[in-house]
Amino acid sequence: MSGGRFISFEGIDGAGKSSHIDALAAALRAQGHTVLLTREPGGTPLAEQLRSLFLQQPMDALTEALLVFAGRRDHLRTVIQPALAAGQVVLCDRFTDATFAYQGGGRGFDATVLAQLETWVQADGAGGLVQPDLTVWFDLPPAVAAQRRAAARDADRLEREDLAFFDRVRAGYARRAEADAQRFVRIDADQPRDVVWAAVHQAVFGRPLAAGQGG
Ligand SMILES: Nc1ncnc2c1ncn2[C@@H]1O[C@H](COP(=O)(O)OP(=O)(O)O)[C@@H](O)[C@H]1O
Ligand SMILES: Cc1cn([C@H]2C[C@H](O)[C@@H](COP(=O)(O)OP(=O)(O)O)O2)c(=O)[nH]c1=O
């Protein structure tokens, strides 16, 4: 279906995704790729409105899942699939693995219902699913992520959850990574920034950084 490459960044809040995604987009552009940098929840005008509701309004886990999948449907149809069809690199800050990790792991919501929604929303029209080609998973202990967040920003609705919640989210990511080991690269994000960047570079470009290419 596509000539492009679909890369997602995943991890618990405060893992360091945002710290590296712009640098990765720049490194890909320097190689001549057209890069679409986007995010979930969000990525279209409709999905950004759903994101605001999602991050601010209290709701149950099924409502959370329905909102993120509704936004994902719009994002895929109007932005991600056209970009991939045009041969672009799509760099997405979170995708469906976050739903399995947060709503499935964190909230304890039924993963078979999430899998059904995934099948409907991500159908590629040829009997398969649109999924990232590569998922870079920033993994670190929730206590470390919480310290980083506390130093950096005010907490949104999800970020106010306790450490046990983020332990379950992390376990949710681990399950997804185990089930789809070809697609996932786990990065130990509890390391200095330049070491994490080198790992991101290796995951995407398949080779170590040249000297002076820090992120
Ligand atoms: N390797 C690192 N070591 C220490 N602090 C970091 C590291 N990477 C990112 N940070 C800091 O941690 C905070 C959260 O990082 P951020 O990139 O916003 O995470 P995320 O996008 O995954 O929520 C920011 O203040 C950032 O500067
Ligand atoms: C994509 C997605 C995100 N989320 C959560 C994870 C984050 O706590 C929140 C927003 O993600 P994010 O954009 O990473 O937040 P920030 O800009 O504050 O770093 O949404 C879900 O619960 N389910 C999902 O399917």
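A word on conventions before the site. The model is predicted, so I take local features only at pLDDT of at least 70 and side-chain atom pairs only at pLDDT 80 or more, while totals for chains, interfaces and linings use all residues. Residues are numbered from 1 along each chain as its sequence is written, chains are lettered from A and ligands numbered from 1 in the order in which they are written, and side-chain values use heavy atoms, with hydrogens and water left out.

Let me begin with the ligand. Ligand 2 is surrounded by 17 residues, of which the closest are Asp-13, Arg-51, Arg-94, Thr-99 and Gln-103; a residue is near a molecule if one of its heavy atoms lies within 4 Å of it. By class, the shell holds eight charged, seven nonpolar and two polar residues, where Ala, Val, Leu, Ile, Met, Phe, Trp, Tyr, Cys and Pro count as nonpolar, Asp, Glu, Lys and Arg as charged, and the others, Gly among them, as polar.

Which atoms of ligand 2 lie 2.6 Å, 2.8 Å and 3.0 Å from side-chain N or O atoms of the protein? An oxygen atom of ligand 2 is 2.6 Å from a polar side-chain atom of Arg-94, a nitrogen atom is 2.8 Å from an N or O atom in the side chain of Gln-103, and an oxygen atom is 3.0 Å from an N or O atom in the side chain of Arg-51. Taken alone, ligand 2 exposes 550 Å², and the protein buries 91% of that, with areas computed by the Shrake-Rupley method and a 1.4 Å probe.

Helices here are DSSP runs (H or I, at least four residues) and strands are E runs of at least two, numbered from the N terminus.

Why do I describe α4 as largely enclosed by the rest of the structure? Because eleven of its eleven residues are buried, buried meaning under 20% relative accessible area and exposed over 50%, with partly exposed in between (1.4 Å probe, protein chains only). Among the buried residues of α4 are Asp-97, Thr-99 and Gln-103. The helix is followed by Gly-108, whose phi is positive, near 75 degrees.

Arg-94 lies in the loop between β3 (89-93) and α4, is buried at a relative accessible area of 11%, and has a phi near 80 degrees, a positive value in a residue other than glycine. Most residues other than glycine have a negative phi, and most peptide bonds are trans.

Arg-183, in the loop between α7 (163-179) and β5 (184-188), is buried at 5%, and its side chain makes polar contacts with the side chains of Asp-97 (2.7 Å) and Asp-180 (2.8 Å). A polar contact is a pair of N or O atoms within 3.5 Å; within protein, one must be able to donate a hydrogen and the other to accept it, and residues adjacent in sequence count only if both atoms are side-chain atoms.

Last, Trp-120, in α5 (residues 111-121), counts as exposed at 57% relative accessibility.
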